[in-house]
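I opened the model and kept notes as I went. The entries below follow the order of my look-ups.

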Amino acid sequence: KVADLGHCTLREQEHLFWVNGLQQEFFQQGDEEFELEMPISALCDRRKPRNGPASGENQIGFFDVVATPLFSAWVSVFPSCISLLEQLQENYKYWDIDSKLDREIWLYKSSSDIIEHCANDAITPVINIPGNVEEEIMHLRTASTDIL
């Protein structure tokens, strides 16, 4: 299972690449189900807002219920793998910010791209962002956008 979910422990850019691939696969399945007039499976309906694997809310749930407990258990047995859990926690921060934005589904190359879109009014942040997330957004706004 750890190998199956290894993308959760990759650097943000690589992780997002894999999530985008999953989203395309899920949406293709949903498109086929729609054409066959079948019920569309969970996370597979591209016509629903904020649906699919690239939705922050869905990723937070997946990380909370599956990925974080799995990698925490893995690291408790193999402590030298702590860097995997640390990167997973960094990716969780990306999805946490993503889940708090009021916008259509976007997939960004990095957290700074979220802020760039906010700054360019392409998307609108939620009005009541908790303090720690607001600080994170301010930090990202002031950081260099040349992460890639």
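**Entry 1: overall layout.** I take helices (H or I, at least four residues) and strands (E, at least two) as DSSP runs, numbered from the N terminus. On that basis I find five helices and two strands in the protein chain. Read along the sequence, the pattern is α-α-α-β-α-β-α. I note at once that this is a predicted model.

**Entry 2: burial and surface.** I looked up whole-chain totals next. The protein chain has 148 residues, and 36% of them count as buried.

**Entry 3: the core.** Which residues touch the most other members of the largest nonpolar core? I get Cys 8, Phe 63, Ala 67, Phe 71, Leu 85, Leu 88 and Trp 95, out of 16 residues in that core. Helix 1 (12-35), helix 2 (56-77) and helix 3 (82-99) each supply at least two residues. Helix 2 gives the most, with five.

I then picked Phe 63 and listed its contacts, leaving out residues up to four places away in sequence. Phe 63 touches Cys 8, His 15, Thr 68, Pro 69, Leu 88, Asn 91, Tyr 92 and Trp 95. Among these partners, Cys 8, Leu 88 and Trp 95 are also on my list of core residues that touch the most other members.

**Entry 4: helix 3.** I checked its geometry. Helix 3 has 18 residues and reaches 26 Å from its first C-alpha to its last. That is close to the 26 Å expected at 1.5 Å a residue. Next I asked which residues of helix 3 are buried. They are Leu 85, Gln 87, Leu 88, Asn 91, Tyr 94, Trp 95, Ile 97, Asp 98 and Ser 99.

The side chains of Lys 93 and Glu 90 meet at 3.1 Å, N to O. Both residues lie in helix 3, three residues apart, about one turn of the helix. I looked up accessibility for the pair. Lys 93 is at 40% and Glu 90 at 39%. Each falls between the 20% and 50% cut-offs, so I log Lys 93 and Glu 90 as partly exposed.

**Entry 5: other salt bridges.** How many salt bridges are there? The count comes to six.

I looked at Glu 14 and Arg 11. They form a salt bridge, with the closest N and O atoms 2.9 Å apart. Glu 14 is partly exposed, at a relative accessible area of 27%. Arg 11 is exposed, at 58%.

Then I moved to Asp 31 and Arg 46. Their salt bridge also has its closest N and O atoms 2.9 Å apart. Asp 31 lies in helix 1 and Arg 46 in the loop between helix 1 and helix 2, so the pair ties together parts that are 15 residues apart in sequence. Arg 46 counts as partly exposed, at 38% relative accessibility.

Entry 6: Most residues other than glycine have a negative phi.

Buried or exposed? Glu 37 is exposed, with a relative accessible area of 74%. Leu 43 counts as partly exposed, at 29%.

**Entry 7: a nonpolar patch.** Last, I searched the surface. Leu 10, Phe 17 and Trp 18 form a nonpolar patch there. Together they have about 340 Å² of accessible area. Leu 10 sits in the segment before helix 1. At 31% relative accessibility, Leu 10 counts as partly exposed.

Conventions
Residues are numbered from 1 along each chain as its sequence is written. This is a predicted model: local features need pLDDT of at least 70, side-chain atom pairs count only at pLDDT 80 or more; totals for chains, interfaces and linings use all residues. Side-chain values use heavy atoms; hydrogens and water are left out. A nonpolar core is a set of buried Ala, Val, Leu, Ile, Met, Phe, Trp, Tyr and Cys residues joined through side-chain atoms within 4.5 Å. Buried means under 20% relative accessible area, exposed over 50%, partly exposed in between (1.4 Å probe, protein chains only). Contact means heavy atoms within 4.5 Å. A salt bridge is a side-chain nitrogen of Lys or Arg within 4 Å of a carboxyl oxygen of Asp or Glu. Patches are made of residues with over 30% relative accessible area and no salt bridge: like charges are joined within 9 Å, nonpolar side chains (Val, Leu, Ile, Met, Phe, Trp, Tyr) within 5 Å. Accessible areas come from the Shrake-Rupley method with a 1.4 Å probe; for residues, only the protein chains shown count as cover. The expected span of a helix is 1.5 Å times one less than its number of residues.
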